[in-house]
Amino acid sequence: METETATRWLTDDEQCTWRTHLEVNKLLMHQLEKDLQPFGLTNNDYEILVNLSESPDRRMRMSDLAAATLQSKSRLSHQVTRMESAGLVRRENCESDRRGLYAVLTDEGVATMQKVAPHHVASVRKHFIDLLSPEALAELRESLTPVAEHLRGRRGKL
């Protein structure tokens, strides 16, 4: 027999913190997306380009890329198709697994990253990093690390 437990409602301070977090996240991601638009990129495009640019041989298995970007394989496939049309990535067959595919960053994708990355970093700096003191950034990182670790641990369980 299940025992009902009382809901632990958020205190006023907790609710204010939660809502501030949600607002900052939405506003910041909207601004970063807006700042990528002149380059014809979305936040998702940029995240894929970053993952590929930081991977050995500038390529990742599609399934690993989907996991890294928290996208379904189907959604990532559509995204990569759009990015292929733009010449930023290409797909390659996986020699060891005939069903597997790699997403590979093209030379045009590398050139796009080299052009866009300085602007993106400036945007992150302007709208986030430079608004906080080094001490506040360290506190924020320390405060959010247990949440990130908890959620990373749940990824396989969802």
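This report walks through a predicted model, from its sheet to its core and then to a few single residues.

## How to read the model

Because the model is predicted, local features are reported at pLDDT of at least 70 and side-chain atom pairs at pLDDT 80 or more, while totals for chains, interfaces and linings use all residues. Residues are numbered from 1 along each chain as its sequence is written, and side-chain values rest on heavy atoms, with hydrogens and water left out.

Helices and strands are DSSP runs numbered from the N terminus, where a helix is H or I with at least four residues and a strand is E with at least two.

## The sheet

Let us start with the strands. An open sheet is formed by 3 strands in the order β1-β3-β2, with antiparallel pairing; two strands count as paired if DSSP finds at least two bridges between them. The edges are β1 (59–61) and β2 (89–94), each of which pairs on one side only. On average, neighbouring strands of this sheet are turned by 30° against each other, direction ignored. For that angle, axes are lines fitted to C-alpha atoms (for helices, over the stretch in contact), and angles between N-to-C directions run from 0 to 180 degrees.

Now for the pairings themselves. Strand β3 (residues 97–105) meets β1 in the antiparallel sense over 3 bridges. Here M60 has A103 in β3 as its bridge partner, and R59 stands opposite V104 in β3.

## Around E92 and Y102

E92 has its place in strand β2, and its bridge partner in β3 is Y102. With a relative accessible area of 24%, E92 is partly exposed; on this scale buried means under 20%, exposed means over 50% and partly exposed lies in between (1.4 Å probe, protein chains only). Leaving out residues up to four places away in sequence, E92 touches R59, G100, L101, Y102 and V104, where contact means heavy atoms within 4.5 Å. The C-alpha atoms of E92 and L137 are separated by 40 Å, and these residues are 45 apart along the chain.

## The nonpolar core

The largest nonpolar core has 20 residues, and those touching the most other members are L41, L49, L52, L65, L76 and V89. Such a core is a set of buried Ala, Val, Leu, Ile, Met, Phe, Trp, Tyr and Cys residues joined through side-chain atoms within 4.5 Å. Two or more residues come from each of α2 (43–53), α3 (62–68), α4 (73–85), β3 and α5 (107–127). The largest share, 4 residues, is given by α2. In soluble globular proteins, nonpolar side chains tend to be buried together.

Not counting residues up to four places away in sequence, L65 touches I48, N51, L52, M60, L76 and A103.

## Residues in helices and loops

H120 is found in helix α5. At 16% relative accessibility, H120 counts as buried. Apart from its neighbours within four places in sequence, H120 is in contact with L32, L36 and Y46. C16, by contrast, is in helix α1 (residues 12–36) and counts as partly exposed at 48% relative accessibility. The C-alpha atoms of C16 and R155, 139 residues apart along the chain, are separated by 27 Å.

R58, in the loop between α2 and β1, has a positive phi of about 55° although it is not a glycine. R58 is partly exposed, with a relative accessible area of 31%. L70 lies in the loop between α3 and α4, and its phi is near 55°, a positive value in a residue other than glycine. At 65% relative accessibility, L70 counts as exposed.
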